[in-house]
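Reader: Could you walk me through this protein model, one question at a time?

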Amino acid sequence: MNRIDYLLKAVDSNQQVRIMIANTTGVIEEAHQRHNTSATASAALGRVLTAAIMMGTDMKGSQDIITVRVCGNGISGPIVITADNSGNGRGFVSNPGADLESRYPGKLAVGELVGKEGYLEVMKDLGLKQPFVGRVPLVSGEIAEDFAQYFMMSEQIPSLVSLGVLVAPDLSIIGSGGLIVQALPGAEDSLLANIEKNITALGPISNVMKTYALLEDALDVIMTGIDYKIVGEIPLAFKCNCSRDRLAVILSSLSDDDIKDAFEKEGRLEAVCNFCQERYEYTPEEIWALKKQKP
């Protein structure tokens, strides 16, 4: 297993609280490279992608898909993520080059980039007739607070959510991760307060990922004085399910004239996946042949 990008799930011995902690440094670095994101766009995309991947691992079916949309009124435009239950996720920020100067040293202006007015939407396709959809207004655009509100309002689960991305001066990602602590029925306030105190002592989650080589060590600090056990470990990856054939089907929905005009104008037919920026080239003949196969 790649020890950089993985997730741990744990519960205390009395089953009053569940914890998920994930290191997504490599995942977010790949997202940054694929989308050529600015520092602040990397942080915004990374926080949403991290949360979505963590939530995806709670789904039961291998075909289940979670889609998260964060749509604020900031210049980043919508952020869209999909993830499965195996720790794989992909996503994009609509305006990857958007950036804003930070008002505070060492803190990227994610809330301003995303915008405080808008919504966070979570859609879970669990193989049923209708997917589950939950939508909540944005609290701050800082993402972690917005997910905490989602858990409370849509799933009725009190949750502490911490998400962070540490960006180097050369724009590479040197620390990224997430922490979700959820109170189970009957959880004692004193236990939750103890965990919150331990988390505060750790500092920003992005620095935790840079400091601790193993999530197990960070989890030991979070659960100081509390008996617990690890109940799950999952490798994480940026993984897209696009393919040449799938994007060809999209092109085949164009009219014959549009296909001809695009080829004459560009000298090629090209489709680009929004989620991973993979490029696929086709000849007009390939697309016309596919159109003829349609009923």
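Predicted model: local features only at pLDDT ≥ 70, side-chain atom pairs only at ≥ 80, totals over all residues.

Reader: Which element gives the most to the lining of the largest pocket?

Author: That pocket has a volume of about 700 Å³, and 32 residues line it. With nine residues, the top contributor is E8.

Reader: By class, what does the lining of the largest pocket have?

Author: Among the residues nearest the pocket's centre are Arg47, Leu163 and Gly164. Sorting the whole lining by class gives five charged, eight polar and 19 nonpolar residues.

Reader: Which element gives the most to the largest nonpolar core?

Author: This core holds 64 residues, and Ile79 is one of those touching the most other members. Leaving out residues up to four places away in sequence, Ile79 touches Ala44, Leu45 and Val48, among others. The biggest share of the core, 12 residues, comes from H2.

Reader: Are Phe92 and Phe275 buried or exposed?

Author: These two rings form an edge-to-face pair, 5.3 Å centre to centre with 75° between the planes. The partners sit 183 residues apart, Phe92 in strand E5 and Phe275 in the loop between strands E12 and E13. Buried means under 20% relative accessible area. Phe92 is at 16% and Phe275 is at 16% too, so both count as buried.

Methods:
Residues numbered from 1 in each chain as written. Heavy atoms only, no water. 1 Å grid on protein atoms, 1.4 Å probe; cavity = no way out; pocket = protein on both sides within 12 Å on 5 of 7 lines; lining within 4 Å. Points joined across faces, edges and corners; volume = space filled by probe spheres on them. Helix = DSSP H or I, 4+ residues; strand = E, 2+ residues; numbered from the N terminus. Nonpolar A, V, L, I, M, F, W, Y, C, P; charged D, E, K, R; others polar. Core = buried A, V, L, I, M, F, W, Y, C linked by side-chain atoms within 4.5 Å. Buried < 20%, exposed > 50% of the residue type's maximum accessible area, 1.4 Å probe, protein only. Contact = heavy atoms within 4.5 Å. Phe/Tyr/Trp six-rings, centres within 6.5 Å; stacked < 30°, edge-to-face > 60°.
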